[in-house]
Amino acid sequence: MLIKNHLDKDFQTPAYILEEDKLRKNCELLAKVSEQSGAKVLLALKGFAFSGAMDIVGEYLSGCTCSGLWEAKFAKEYMNKEIHTFSPAFKDDEIDEIIDLSHHIVFNSFNQFKKFKDKASHKFLGLRCNPELSVAPKELYNPCGRFSRLGIRAIDFENEDLSALSGLHFHALCEESAHSLELVLNAFEAKFSKFIKNMKWVNFGGGHHITKEGYDTQKLIDLCKKFSDKYGVQVYLEPGEAVGWQCGTLVASVIDIVENEKKIAILDTSSEAHMPDTIIMPYTSEVLNARILSSRDGEKYSELKENEFAYLLGGNTCLAGDIMGEYAFTQELKIGQKIVFLDQIHYSIVKNTTFNGVRLPNLMFLDKNENLSMVREFGYENYSKRN
């Protein structure tokens, strides 16, 4: 891991550090999937939005998929390729700018489609479908569950005028495999096939864990090609996490060590504010040069070995549960020492808060020549202007 060569350098923490070589490796794989399948691959900004690396992503992918006006503006400013925008509901005071920025606009209801289709008639217009099947790991991430507000059921397509429509979109995955996509795709076809045949494009959504080790990329390629050939449509994929997967870290520093039955290292970062998915999913982040002993809620992973030192790692907020977990180190921790949380670029930066007035982590970039540089530095004004 290249970042370990830079921990003795004097830089302010907390900081997210993106490694160029690892990002390019992910993007190269995604570009290969696109080339061999014919599908266009878009970056889902909701999962990965790192301004200092958007030009690199743009070398490989076809554009961005956005969840509203601000993401569309970000996509225009930092990549300026295809922009696809979907929102559960577009606001009247934003729709004109969204139309101007976007190439594809996907509506979540027939109400919105009918309301805006005329003024957006010069764009590629789509509808989000609810295939009523999802293999999302948690109900929190299930867009196809009962009473879902996301997507339109096939039964609600009946007797509607689709003449202004050029495409369909579905999204029912979260960190899932090509096999999971196949299950959802079969359900989508079973319910929407008579509408698909009149379309020019179909977006398979995100949640494809394409760059994770063991993912069956050939199956994904085959699914995309088969579908595209069958219906004569352009297929789109919109991974977010897969772009930023394991290509960046969150570096923090130990600012104090206290003891209450166990040794507790207090860091200048926060699981609540800087690593929210470790609480929401939940999961326990791996730490460089350490082993996980137990999760933040005490679930045991392994036992402490001889000549190891155990520490609870905790955040510098007043939230009692702002704990990352308990870890085993081969040497005792020291105040001022840097701690590196692995794989913290996706779904972290985009969810950051200044809860409790904690500093937002700076954004840094480690290029392929191992030059470490600052991309964006955050200060008090980022807190004061939002409160």
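Colleague: Why is Y347 called buried?

Modeller: The relative accessible area of Y347 is 19%. Buried means under 20%, so Y347 falls in that class. The model is a predicted one, and this value is computed from it.

Colleague: What is the phi angle of Y347, and where does the residue lie?

Modeller: Phi of Y347 is near 50°, a positive value in a residue other than glycine. Y347 belongs to the loop between strand 15 (338-342) and strand 16 (362-366).

Colleague: Is N159 buried or exposed, and how do you know?

Modeller: N159 has a relative accessible area of 83%. A residue is exposed when that value is over 50%, so N159 is exposed. Its phi is near 65°, again a positive value in a residue other than glycine. The loop between strand 6 (124-128) and strand 7 (167-169) contains N159.

Colleague: How many aromatic pairs does the structure hold?

Modeller: There are 18 aromatic pairs.

Colleague: What makes Y311 and F329 a pair, and what is the pair called?

Modeller: The ring centres of Y311 and F329 lie 6.0 Å apart, and rings pair when their centres are within 6.5 Å. The planes stand at 75°; an angle over 60 degrees counts as edge-to-face, so this pair is edge-to-face.

Colleague: Which parts of the chain does the pair of Y311 and F329 tie together?

Modeller: Y311 lies in strand 13 (residues 309-314) and F329 in strand 14 (residues 323-329), so the pair ties together parts that are 18 residues apart in sequence. Y311 is buried, at 1% relative accessible area, and F329 is also buried, at 5%.

Colleague: What is the aromatic pair of Y380 and Y383 called, and why?

Modeller: The rings of Y380 and Y383 are 6.3 Å apart, centre to centre, with 50° between the planes. Planes under 30 degrees apart would count as stacked and over 60 as edge-to-face, so this pair is tilted. Both residues lie in helix 11 (residues 380-384), three residues apart, about one turn of the helix.

Colleague: How are Y380 and Y383 classed by relative accessibility?

Modeller: Y380 has a relative accessible area of 63% and is exposed. Y383 stands at 32%; because that lies between 20% and 50%, Y383 counts as partly exposed.

Colleague: Where is the place of K81, and which residues does K81 touch?

Modeller: K81 sits in the loop between helix 3 (69-78) and strand 4 (82-86). Not counting residues up to four places away in sequence, K81 touches G58, L61, S62, G63 and H103. K81 and G58 are 23 residues apart in sequence, with 7.5 Å between their C-alpha atoms. At 32% relative accessibility, K81 counts as partly exposed.

Colleague: What makes the charged end of K338 one that sits over the ring of F11?

Modeller: The charged end of K338 is 4.8 Å from the centre of the F11 ring.

Colleague: How do helix 1 and helix 7 cross?

Modeller: The axes of helix 1 (residues 20-37) and helix 7 (residues 217-231) come within 9 Å and cross at roughly 35°. The crossing of these two helices is right-handed. Helix 1 makes the contact through L29, V33, Q36 and S37, and helix 7 through T217, Q218, L220, I221, C224 and K225.

Definitions and conventions: Residues numbered from 1 in each chain as written. Predicted model: local features only at pLDDT ≥ 70, side-chain atom pairs only at ≥ 80, totals over all residues. Heavy atoms only, no water. Helix = DSSP H or I, 4+ residues; strand = E, 2+ residues; numbered from the N terminus. Buried < 20%, exposed > 50% of the residue type's maximum accessible area, 1.4 Å probe, protein only. Lys NZ or Arg CZ within 6 Å of the ring centre and 35° of its normal. Axes fitted to C-alpha atoms, helices over the stretch in contact; angles between N-to-C directions. Left-handed = near helix turned anticlockwise from the far one by under 90°. Contact = heavy atoms within 4.5 Å.
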